[in-house]
Amino acid sequence: MPKITRRSKPAKRRGKGPARTLGKNRGPARSARKVSKKSSKKSSKQTVAKPQRTRGVGKKQKPWTSAEIHEAFSRFRNANPEPKGELEHLNPFTLLVAVVLSAQATDAGVNRATRTLFQVADTPQKMLALGEEKLRDYIKTIGLYRNKAKNVIALSEKLISEFGGEVPRTRAEIESLPGAGRKTANVVLNMAFGEHTLAVDTHVFRVANRTGLAPGKTPLEVELGLERVVPVEFMLHAHHWLILHGRYTCLARKPRCEVCLINDLCRWPEKTV
Ligand code: SF4
């Protein structure tokens, strides 16, 4: 590695290198410099990790204290004591189907399709009786609907053949169903069975990283980080509070920091308050 050969370069560039071009975004620049120190002999050019900065991943933020985390979730709870998911469903099976259909689609779009679908197929048996072709007609407004229709029929078959027609209650079993991954399993376990799981979607991932609550480079890293820091009393609803916060306040392009409930606690260097 260029460890030895570049020993003197960072000092030479200090004060005029790319870090300064970041202007007001002083947090990421500091973070980049820290990385630079650790790997000490890399050139300053190498230390500016733009994609990480944009996503808010990899920053060295001051960790939240337990009191701050408790305070943040208390505010979420006071504002919305019983947060609800926005995917419409009638039972664990229809919830499972709705979550599988929601991959790369909006909840509103899924709801528009499932409102009529679930009137005719709210069990695995009825879904099989409906058949893949007719199912496609119901969900054709949803992205990737052909593949999703295939998965919903296949998971219905598997539920009947291996789980007595019921949605199983363990993560591994749910993950074994066609079209269902860890996030699906976490949503179903939380919403249908009241488990303390934390599904990490794009909103939760962004909020956890921006705020510094549970930074991580992958959804799994964020999920495990949140599980470590969120107090048990908030675990049941933490997933929904964070999703709703990301969807309506901490927006991807223009976060509404001025009306944010936790703007004094948030660690994001680019927050606007
Ligand atoms: S202060 Fe801004 S960036 Fe921080 S959580 Fe609130 S909306 Fe998001």
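Predicted model: local features only at pLDDT ≥ 70, side-chain atom pairs only at ≥ 80, totals over all residues.

Now to the rings. A pair of aromatic rings is described by the distance of the centres and the angle of the planes. The structure holds 4 aromatic pairs. One of them joins phenylalanine 73 and phenylalanine 76: the ring centres are 5.7 Å apart and the planes meet at 70°, so this pair is edge-to-face. Both residues sit in helix α6 (residues 66–79), and because they are 3 residues apart there, about one helical turn separates them. Phenylalanine 73 and phenylalanine 76 are both buried.

A further pair is made by phenylalanine 234 and tryptophan 241. Here the centres lie 6.2 Å apart with the planes at 65°; since that angle is over 60 degrees, this pair also counts as edge-to-face. Both of these residues are buried as well. To see how the two pairs belong together, show the four side chains at once: ring pairs link Phe73, Phe76, Phe234 and Trp241 into a cluster.

Arginine 210 lies over the face of tryptophan 268, at 4.3 Å from the ring centre.

For the packing of helices, turn to α8 (residues 107–120) and α10 (residues 132–139). Their axes come within 8 Å and cross at roughly 145°. On the α8 side, the contact is made by Ala113, Thr116, Leu117 and Val120, while α10 brings Leu135, Tyr138 and Ile139. By residue type, this contact has 6 nonpolar residues, 1 polar and no charged.

Finally, have a look at alanine 192 in helix α13 (residues 182–193). Its relative accessible area is 29%, which means that alanine 192 is partly exposed, between the 20% and 50% limits. Beyond its neighbours within four places in sequence, alanine 192 is in contact with Pro92, Leu95 and Val187. Leucine 95 is 97 residues away from alanine 192 along the chain, yet their C-alpha atoms are separated by 7.6 Å.

Technical notes. Residues numbered from 1 in each chain as written. Heavy atoms only, no water. Axes fitted to C-alpha atoms, helices over the stretch in contact; angles between N-to-C directions. Helix = DSSP H or I, 4+ residues; strand = E, 2+ residues; numbered from the N terminus. Contact = heavy atoms within 4.5 Å. Nonpolar A, V, L, I, M, F, W, Y, C, P; charged D, E, K, R; others polar. Buried < 20%, exposed > 50% of the residue type's maximum accessible area, 1.4 Å probe, protein only. Phe/Tyr/Trp six-rings, centres within 6.5 Å; stacked < 30°, edge-to-face > 60°. Lys NZ or Arg CZ within 6 Å of the ring centre and 35° of its normal.
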